[in-house]
Amino acid sequence: MDTEFEIFLATAPGLEPVLQAEAESLGFAVSEAVPGGANIRGSWHDVWRANLLLRGANRVLVRLGSFRVMHLAQLDKRARKFPWADVLRPDVPVKVDVVCKKSRVYHAGAATQRIEKALVEELGATVSKDAELRIMVRIEDDLCTISLDTSGELLHKRGHKEAVGKAPMRETLASLFLRQMGFDGTVPVYDPMCGSGTFVIEAAEMAMGLAAGRARSFGFEQLASFDAAAWSEIKAHHTQLNDVQVQFAGSDRDAGAVRMASANAERAGVAGCASFSMMPFAEASPLDGPTGLVMVNPPYGARIGNKKVLYSVYAGLGDALKTRFKGWRVGMVTSEPGLARASGLPFAKPGAPVAHGGLRVNLFQTGPL
């Protein structure tokens, strides 16, 4: 259990350095940020802790091993000798995903068949396209690397958000955007277009010190390497909560969205410091107390409605924030720089675009208004 190996933390392209900073803040041994995530070194205990604590990772992958392959017969032979039983249980179904790139083994379908046959005949496993446990194989430059997705469902599924609205912001993205804004849990956060409440709830959880994956299960719990007692100890170690001194709030003109957000906050255990109310953004006002962050994910027009009519919406939002939220900083997520400019807010130059729901979005940031 204490043997160290390579672990890959996957995130949305464009946010790799932010995830690296989060992992380092939690004490993980990060070796480097790479396209699509960050590599760390650690043991199975670190794998479990990464799934439980990391708010910005989409998946936690374990590198099980690698070997050279020049043709399918060699892949078949080496896949049969691979120590699957060290990690996998024969009674837990698995699925296999293969990618081939710049290799003499170039047919991903044929490679998949060889690996699936090895799992069935050598381990006695069941292979199913619907299995939660996923083996990921990459054959690149004739090197076959075998990884295991230890998360199961994507990590943005925290286990308490049952209701979502149109084009919701994923919790993993929300947490990394908050981190990019320098959020550390000591200032309030307000979202005037809160939808299902993701920014507000994520900020409240971060401030309270709640473990991201406390309310869900993970793929690694079905592995031969899983130790239920040790896992219980790790979870118990991360149950002490912070004393939160500020409030988090959101508003939306849609009564259904407010009900969704309130119910989600209740299930997440943050209703004591996160509240939601029904009102148009033009009437939104700061909470009593210190200035903080406005985090907002307005409609982009690409998926919701007509983009042209949104220019006036963004202009009205910008006017309301400049009038009502003096001293607050604004973080706005949108796929359209033109819409961000239409707000009239003094945004700095945005960072790298980030993949979100088939689009590429940017976080636009201001200093204090």
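Me: Which helix gives the largest share of the lining of the largest cavity?
Reply: That is helix H6 (residues 198-208), with four residues. Helices (H or I, at least four residues) and strands (E, at least two) are DSSP runs, numbered from the N terminus. This is a predicted model, where local features need pLDDT of at least 70 and side-chain atom pairs count only at pLDDT 80 or more, while totals for chains, interfaces and linings use all residues. Residues are numbered from 1 along each chain as its sequence is written, and side-chain values use heavy atoms, with hydrogens and water left out.

Me: And which residues line the largest cavity?
Reply: They are His160, Lys161, Glu171, Thr198, Ile201, Glu202 and Glu205. On a 1 Å grid over the protein atoms alone, a cavity is a set of points where a 1.4 Å probe fits but cannot get out, and lining residues have an atom within 4 Å of a point.

Me: What volume does the largest cavity have?
Reply: About 40 Å³. A volume here is the space filled by probe spheres set on the points, and grid points are joined across faces, edges and corners.

Me: Glu171 was on that list. Is Glu171 buried or exposed in H5?
Reply: Glu171 is buried. Buried means under 20% relative accessible area, exposed over 50%, and partly exposed in between (1.4 Å probe, protein chains only). Helix H5 (residues 171-180) is mostly covered, as eight of its 10 residues are buried.

Me: What comes just after H5?
Reply: Glycine 182, which takes a positive phi of about 80°.

Me: New topic: the sheet. What is the strand order?
Reply: The order is E2-E3-E1-E4-E7-E6-E5, in an open sheet of seven strands with mixed pairing. Strand E2 (29-34) and strand E5 (94-101) are the edge strands, and each pairs on one side only. Two strands pair if DSSP finds at least two bridges between them.

Me: How many bridges join E4 and E7?
Reply: Seven bridges, with strand E4 (residues 59-68) and strand E7 (residues 143-149) paired in the antiparallel sense. Arginine 63 stands opposite serine 147 in E7.

Me: Last one: where is asparagine 39?
Reply: Asparagine 39 sits in strand E3 (residues 37-42). Asparagine 39 is buried, with a relative accessible area of 8%. Leaving out residues up to four places away in sequence, asparagine 39 touches several residues, including Phe8, Val30 and Arg63. Contact means heavy atoms within 4.5 Å.

How values were computed
1 Å grid on protein atoms, 1.4 Å probe; cavity = no way out; pocket = protein on both sides within 12 Å on 5 of 7 lines; lining within 4 Å.
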